[in-house]
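Hi,

Here is the structure I promised to pass on. Have a look first, and my notes follow below.

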Amino acid sequence: MHRINPREYILNSLSRSGCWVSGEALSEELGMSRAAVSKHISALKAEGCIIESSPRRGHRLISPADPWADGAISSRLRTARLGKARWEWLKETGSTNQAAALLALGGAEHGTVVIARRQTEGRGSLGRVWSALPGSLCFSVLIRPERRGLHHEALLGAALRACADAIEEICSLSEAREPNDILIEGKKVCGILVESMYHNDLLKWAVIGIGANVNTPADAFPPELACATSLYAATGFPHSVTGLMSSILERLEPLLDFPQE
């Protein structure tokens with residue numbers, strides 16, 4: 001007899017519903033106590049799922065831990081090369097930029113993407129820490145332009161514009177703050193870090209790291225991150241993590257077509 005995996009069942013039930021599901025209904029369907037259901041939901045949250053829980057309404061899935069896990073995003077991307085070469089899906093890493101840089105040194109192709117559920121050593125500009133909270137998007141894309149006179153500031157500008165336009169489509173309150181931040185009503189929602197490798201003045205490769213708070217609930221931000229917000233906190237609606245990533249990559253690719261010098 002096939003045994004039901006309670007966590008998998010709960011996650012699938014919440015995914016199919018798209019709205020609130022009562023703990024009582026899940027309890028009856030699984031043949032277990034509501035306390036046991038709550039325990040499994042807490043475990044799903046610990047794994048990175050964003051689930052809202054209300055005593056009166058039940059539970060609602062905002063975002064699964066790994067919304068990209070089925071690997072289908074590459075086939076849906078409307079790009080020529082970005083996200084078409086190689087994907088690295090990581091549950092945890094120091095930083096996606098570090099992982100992408102190692103792949104670059106190993107000869108990985110232009111357009112390779114590294115994405116992680118959790119970063120333990122995420123970095124922003126000037127060595128600042130970028131905290132990857134549940135419901136956030138953390139990814140890096142490898143660029144190999146190999147053009148003389150092209151500096152990473154141009155890549156940073158292109159990435160800032162791509163991210164700003166993608167987020168603007170979701171939340172009209174957003175604003176880009178040069179060189180690498182996007183704000184919503186004065187609070188940071190997205191940051192960009194570009195790291196490059198040169199040979200003389202020839203840019204051999206660069207990794208563009210992007211971190212965006214997508215479905216992080218407002219109460220998940222600790223006091224030291226009071227200057228940050230998320231798309232969910234700002235709009236009151238959950239948003240597709242993979243949709244935002246796709247939009248950024250699709251907007252970034254044409255901006256990387258710099259004129260030759």
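Before the sheet, a word on terms: two strands count as paired if DSSP finds at least two bridges between them. Helices (H or I, at least four residues) and strands (E, at least two) are DSSP runs, numbered from the N terminus. Please keep in mind that this is a predicted model, where local features need pLDDT of at least 70, side-chain atom pairs count only at pLDDT 80 or more, and totals for chains, interfaces and linings use all residues. Residues are numbered from 1 along each chain as its sequence is written, and side-chain values use heavy atoms, with hydrogens and water left out.

**The sheet**

Seven strands make up an open, mixed sheet, in the order S3-S4-S5-S9-S8-S7-S6. Strand S3 (87-93) and S6 are the edge strands: each has a single partner, so one side of each has no neighbour in the sheet. From one strand to the next, the twist averages 20° (axes are lines fitted to C-alpha atoms, for helices over the stretch in contact, and angles run from 0 to 180 degrees between N-to-C directions).

S8 and S9 are antiparallel partners over ten bridges, and Ile 192 sits opposite Ile 210 in S9. Two helices pack on this sheet. H6 touches S5, S6, S7, S8 and S9, and its direction makes about 150° with that of S8. H8 touches S3, S4, S5 and S9, at about 30° to the direction of S5. Contact here means heavy atoms within 4.5 Å.

There is also a hairpin, formed by S1 and S2 with three residues between them. Strand S1 (residues 50-54) and strand S2 (residues 58-63) pair in the antiparallel sense over five bridges, and Ser 53 has His 59 in S2 as its bridge partner.

**The cores**

A nonpolar core is a set of buried Ala, Val, Leu, Ile, Met, Phe, Trp, Tyr and Cys residues joined through side-chain atoms within 4.5 Å. Buried means under 20% relative accessible area, exposed over 50%, partly exposed in between (1.4 Å probe, protein chains only).

The largest core has 42 residues, and those touching the most other members include Leu 137, Phe 139, Ile 192 and Ile 208. Among the elements that give two or more residues to this core are strand S5 (136-143), helix H6 (152-170), strand S8 (187-199), strand S9 (202-213) and helix H8 (241-255). H6 gives the most, with ten residues. Beyond its neighbours within four places in sequence, Ile 208 contacts Phe 139, Leu 155, Ile 192 and Leu 252, among others. Apart from this core lies another, of 13 residues, including Leu 14, Met 32, Ile 51 and Ala 65.

**A few single residues**

Val 189 is in strand S8 and counts as buried, at 1% relative accessibility. Its C-alpha atom is 8.4 Å from that of Gly 211, 22 residues apart along the chain.

Arg 177 belongs to strand S6 (residues 174-177) and is partly exposed, at 41%. Leaving aside neighbours within four places in sequence, Arg 177 contacts Leu 160 and Leu 183.

Which aromatic pair turned up? Trp 87 and Trp 89 are stacked, 4.8 Å centre to centre with 5° between the planes. A search of the whole structure finds one such pair (rings of Phe, Tyr and Trp, its six-membered ring, pair if their centres lie within 6.5 Å; planes under 30 degrees apart count as stacked, over 60 as edge-to-face and the rest as tilted). Trp 87 is buried at 13%, whereas Trp 89 is partly exposed at 33%.

Cheers
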